[in-house]
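Reader: Could you walk me through the ligand site, and then how a pair of helices packs?
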Amino acid sequence: MKIGIGKRFQEETKHTRDGLDTGELDWTAKPKPYKTYRDASRIALPRAKGLVDITLDQCLRLRWSVRTFSPESLTLNDLSYILWASTGIRDTIDDFEFRTAPSAGALYPIESYIVANRVEGLSKGIYHYSVKNHELEELKLGDFSSDVAAAALDQGMCAEAAVVIIWSAMIERSKWKYGQRCYRYLYLDVGHIAQNLALAAVSLGLGSCQIAAFFDDEVNTMVGINGSDECVLYMSVIGVPQKG
Ligand SMILES: Cc1cc2nc3c(=O)[nH]c(=O)nc-3n(C[C@H](O)[C@H](O)[C@H](O)COP(=O)(O)O)c2cc1C
C-alpha cells in the first residue's frame with residue numbers, strides 16, 4: 001500500500017539519535033527576520049490604550065469560535081493591539097527583538113496580512129503588518145470581503161468580519177537552520193500566534209475564529225506571494241460578536 005505524504009512527512013522529519021545534523025550553521029546565509037514593502041504607503045499604528053483589566057482565566061473561559069459578527073467596525077486601536085499581541089515585539093535584549101509568541105530558534109518566519117473590511121480610519125484593502133516598525137504597509141485598496149470569503153471555501157464569516165488576518169510562512173527563515181524539520185515548526189509557530197490573537201480579541205470584547213479551510217493558491221495570489229518561498233498557512237476573522 002502506498003504511504004501517504006502525511007505519514008512520510010512525519011517519518012522523514014523525525015529527529016533520530018544517529019541522524020541529528022550537528023553541522024555548523026552558515027551565518028552569512030541567515031535570512032532577514034523582517035519583510036518590508038519599501039515603496040508601500042505606511043499607516044502608523046497607535047500604541048494601544050484603554051485596555052481593560054481582565055484575567056487570563058476570564059479570557060480562556062470567554063474564548064470560543066465566533067462566526068457571526070455585528071456590522072460594527074474595529075477601531076485602529078484594537079487592530080493595533082491585536083497585531084502586537086499576536087506577533088509584535090515584546091522586548092529587546094542585547095539588540096535582539098523577541099516577540100509576544102514563541103518561535104522555534106527565535107527565527108520568526110510568520111508574516112501577517114490584513115484584509116480590512118471595516119476598520120475606523122483605515123481604507124478597505126489589504127495591508128502587510130510591519131512588525132519592526134509596528135505599522136501597516138498598504139498593498140492594495142478596495143473591497144476584498146467577498147474575494148477572501150470565496151477563497152476560504154465560501155465561508156461567509158470572512159466577508160462579515162471586520163478584519164481577516166492571513167498568516168504566511170517565509171520558509172527559508174526557518175529552513176536555514178532546521179532543514180525539512182522546519183515544516184513542523186512553521187505550523188507550531190503560527191498556532192501560537194493564532195492563540196495569542198484569539199485571547200487578545202477576547203480581552204478587547206471582540207470575537208475571532210481561526211480558519212485553515214481555504215484554497216491555498218487563491219489566498220496566496222490575493223496577498224501577492226508565490227506560494228513556494230512564502231505560503232499562506234492560516235487565517236483568523238475578527239469582529240464584534242453578533243448578540244443573540
Ligand atoms: C487548525 C484549525 C482550523 C480551523 N479551521 C476552521 C475553519 O476553516 N472554519 C471554521 O468555521 N472553524 C475552523 N476552526 C475552528 C474550530 O472549528 C473550533 O475551534 C472548534 O470547533 C472548537 O470550538 P471553539 O473554538 O468554539 O472552542 C479551526 C480551528 C483550528 C484549530
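Author: A residue counts as near a molecule if one of its heavy atoms lies within 4 Å of it. This is a predicted model, where local features need pLDDT of at least 70, side-chain atom pairs count only at pLDDT 80 or more, and totals for linings use all residues. Residues are numbered from 1 along each chain, and side-chain values use heavy atoms, without hydrogens and water.

Reader: Which residues are around the ligand?
Author: Around the ligand are Arg63, Trp64, Ser65, Arg67, Gln155, Met157, Cys209, Gln210, Ile211, Ala212, Ala213 and Tyr234.

Reader: Which polar side-chain atom lies 2.5 Å from an oxygen atom of the ligand?
Author: That atom belongs to Ser65, while a polar side-chain atom of Gln155 lies 2.8 Å from a ligand nitrogen atom, and a backbone N or O atom of Gln210 lies 3.0 Å from a nitrogen atom of the ligand. A polar contact here is a pair of N or O atoms within 3.5 Å.

Reader: OK, helices now: at what angle do H6 and H7 pack?
Author: Helix H6 (residues 171-178) and helix H7 (residues 182-203) pack at about 130 degrees, with axes 9 Å apart; the axes are lines fitted to C-alpha atoms over the stretch in contact, and angles run from 0 to 180 degrees between N-to-C directions. Helices are DSSP runs (H or I) of at least four residues.

Reader: Why is H6 called oblique to H7?
Author: H6 is oblique to H7 because of that angle, since angles under 35 degrees count as roughly parallel, over 145 as roughly antiparallel, 65 to 115 as roughly perpendicular and the rest as oblique.

Methods. Polar contact = N/O pair within 3.5 Å; in protein donor to acceptor, adjacent residues only side chain to side chain. Helix = DSSP H or I, 4+ residues; strand = E, 2+ residues; numbered from the N terminus.
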